[in-house]
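Have a look at the model below and turn it around a few times. We'll start with the chain as a whole and then zoom in on its parts.

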Amino acid sequence: MATSNILIVGDSFVAEGAEQQGWTWWNKLAKDLGASSLNLGIMGASNFNIWHQLNEGLKTNPDYVLVVLTASDRIESVESECN
């Protein structure tokens, strides 16, 4: 039983789907730490998006935090329709 928790934030290197839970390296790290994991990683995330993941995730008061940054030139793109 996990006695602590680990917050995981980042891009596609830590984003997971339901089929990946349990066998990924970050979940093995959580198991070694005796921690349950809260993974907020998103595929295609920029470092700005990762900052938002971290900001929200810290509200859960994690015992451990794993931050996986992406390339510095990956930026968010917001497109809108202008007439």
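## The whole chain

Let's begin with contacts, meaning heavy atoms within 4.5 Å. Of the contacts in the protein chain with a separation of 6 or more, 72% are between residues 24 or more positions apart. This is a predicted model, where local features need pLDDT of at least 70 and side-chain atom pairs count only at pLDDT 80 or more, while totals for chains, interfaces and linings use all residues. Residues are numbered from 1 along each chain as its sequence is written, and side-chain values use heavy atoms, with hydrogens and water left out.

What pattern does the chain follow along the sequence? It reads β-α-β-α-β, with two helices and three strands. These elements are DSSP runs numbered from the N terminus: helices are H or I with at least four residues, and strands are E with at least two. The chain has 83 residues, and 30% of them count as buried. Here "buried" means under 20% relative accessible area, "exposed" means over 50%, and "partly exposed" is in between (1.4 Å probe, protein chains only). The accessible surface comes to about 5,900 Å², with 55% of that belonging to carbon and sulfur atoms; such areas come from the Shrake-Rupley method with a 1.4 Å probe, and for residues only the protein chains shown count as cover.

## Strand β1 and its partners

Now find β1, residues 4–10. Six of its seven residues are buried, so this strand is mostly covered. Which way do β1 and β2 run? They run parallel, and five bridges join them, with β2 covering residues 35–39. Two strands pair if DSSP finds at least two bridges between them. One spot to look for is Ile8, which stands opposite Asn39 in β2.

β1 also pairs with β3, again in the parallel sense and over five bridges. Here you can pick out Gly10, whose bridge partner in β3 is Val68.

## A buried aspartate in a loop

Asp11 sits in the loop between β1 and α1, the helix of residues 25–33. Is Asp11 buried or exposed? Its relative accessibility is 1%, so it counts as buried. Setting aside residues up to four places away in sequence, Asp11 touches Ile42, Ala45, Ile50, Val68, Leu69, Thr70 and Arg74.

In α1, the buried residues are Trp26, Asn27 and Ala30. Seen down the axis of α1, they fall within an arc of 100°, so they line one face of the helix. That arc is taken from the directions from the helix axis to the C-beta atoms. The cover over these buried residues includes β1, β2 and β3.

Turn to the other side of α1 and you'll find Lys31 and Asp32, which are exposed. After α1 comes Gly34, with a positive phi near 70°.

## Helix α2 and Gln53

Helix α2 spans residues 47–57, and its buried residues are Ile50, Gln53 and Gly57. They cover an arc of only 55° around the axis, so they are on the same side of α2. Among the elements that cover them are β1 and β3, the latter made of residues 64–68.

Leaving out neighbours within four places in sequence, Gln53 is in contact with Val9, Gly10, Leu40, Gly41, Ile42 and Ala45.

## Aromatic pairs

Rings of Phe, Tyr and Trp (its six-membered ring) pair if their centres lie within 6.5 Å; planes under 30 degrees apart count as stacked, over 60 as edge-to-face and the rest as tilted. By this rule there are two aromatic pairs. Trp25 and Trp26 form an edge-to-face pair, 5.6 Å centre to centre with 80° between the planes. Trp25 is partly exposed at 48% relative accessible area, whereas Trp26 is buried at 4%.

Phe48 and Trp51 have ring centres 6.3 Å apart and planes at 10°, so this pair is stacked. Being three residues apart in α2, Phe48 and Trp51 are separated by about one helical turn. Phe48 is exposed, at 53% relative accessible area, and Trp51 is partly exposed, at 47%.
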